[in-house]
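Trainee: I would like to learn how to read the features of a protein model, one after another. Could you take me through them slowly?

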Amino acid sequence: MSKKQLGKRFIQIVAVLFGISFLTFMLTYLSPGDPAEIMLTECGNLPTPELLEQTRHELGLDRPFLVQYGSWLTGVLTGDMGTSYAFKMPVVQKLVSCFWPTLKMSLLALVMMVAVSIPLGILSAVYQNKWPDYLVRGITFIGVSVPSFWLGLILLSIFGVQLRWINVAGGTTDFKAMVLPAATLALAMSAKYTRQVRNAVLEELHQDYVTGARMRGIREGVILWKHVLPNAMLPIVTLLGLSLGSLLGGTAVVEIIYNWPGMGNMAVRAISCRDYPLVQGYVLWIAVLYMVINLLVDLSYQYLDPRLKEGK
């Protein structure tokens, strides 16, 4: 990617983030419920009209929409996203504290998913229309049909209630507590990615260069690992990047089931409490993550496929 292309991409990212921030702020502004009343009620105070008016003034909720948005955007550009109503702490601090548990769990889930889906996808493609292929396709069909929340509850019942290997209450971020939610996410994604890997490998196996390599007497293992897999990595890397972005956004259902203190769990609580500053910061945070990951994926294409670097 040239400097000119990188500059255009940066301008696009800024424009998209600006649009997302404006839409998010507008939707939270138009959403029902009074944040001042909710905050006072949670603190145990009686929301009298005088107290409500004073609280709205202190929070800046009595100002016009564009003034509120301009003030919030100015704070964001300086690293200040406001203060969370529910958690009584800066939004940036809360986002960072919840991001690290989600990052660790997401990376572990991604490693588990790759370790399962890539070998199974290759096996299914190499033995197309044979019993290993039918077996893998049957497993993936069942895996795609199983909801992640149901799978999480089953695993929690087995390993938490029956075997007592983990604490059912959750709330901790150690490795032992992280394995089960990561495995739930990995199993849910593996079924879909096994099919994607199978399709990508099959598409390459039917290319002319594979036929030519076989006619020259090159072994199947060499063709598969040195020629087919590198060419099949482009669509797989794209899917991995999108999956990492969605995982870093926080998988709310799984995090709630295992009481994992991550982004998804935090987002659900922020929405239920009408914690508008935290919701706005969360959406903008996720948008930035998606943009950065997509940019890194695009940059990686040049190393996976040298033809893109040469402009072919």
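Mentor: Let us begin with the largest pocket, to whose lining helix α4 gives the most, with four residues. Helices here are DSSP runs of H or I with at least four residues, numbered from the N terminus. This is a predicted model, in which local features need pLDDT of at least 70, side-chain atom pairs count only at pLDDT 80 or more, and totals for chains, interfaces and linings use all residues. Residues are numbered from 1 along each chain as its sequence is written, and side-chain values use heavy atoms, with hydrogens and water left out.

Trainee: How much space lies in the largest pocket, and which residues are the closest to its centre?

Mentor: A pocket, on a 1 Å grid over the protein atoms alone, is an open set of points where a 1.4 Å probe fits, with protein on both sides within 12 Å along at least five of seven lines, and its lining residues have an atom within 4 Å of a point. The volume is the space filled by probe spheres set on the points, which are joined across faces, edges and corners. Here the largest pocket holds about 520 Å³, and of its 25 lining residues the closest to the centre are Phe25, Leu59, Leu61, Gln68 and Tyr85. Helices α1 (3–30), α3 (49–59), α4 (65–77) and α13 (276–304) each supply at least two residues of that lining.

Trainee: Is Thr102 buried or exposed, and what does its side chain reach?

Mentor: Buried means under 20% relative accessible area, exposed means over 50%, and partly exposed lies in between, with a 1.4 Å probe and protein chains only. Thr102, in helix α5 (residues 91–126), counts as buried because its relative accessibility is 0%. A polar contact is a pair of N or O atoms within 3.5 Å, where within protein one must be able to donate a hydrogen and the other to accept it, and residues adjacent in sequence count only if both atoms are side-chain atoms. The side chain of Thr102 reaches the backbone nitrogen of Met263 at 2.8 Å, and a polar contact of 3.3 Å joins it to the side chain of Glu255.

Trainee: What is the phi of Asn129, and where is this residue placed?

Mentor: Most residues other than glycine have a negative phi. Asn129, however, has a positive phi of about 60°, and it sits in the loop between α5 and α6 (131–145). Asn259, found in the loop between α11 (252–257) and α12 (263–272), has a positive phi of about 50°.
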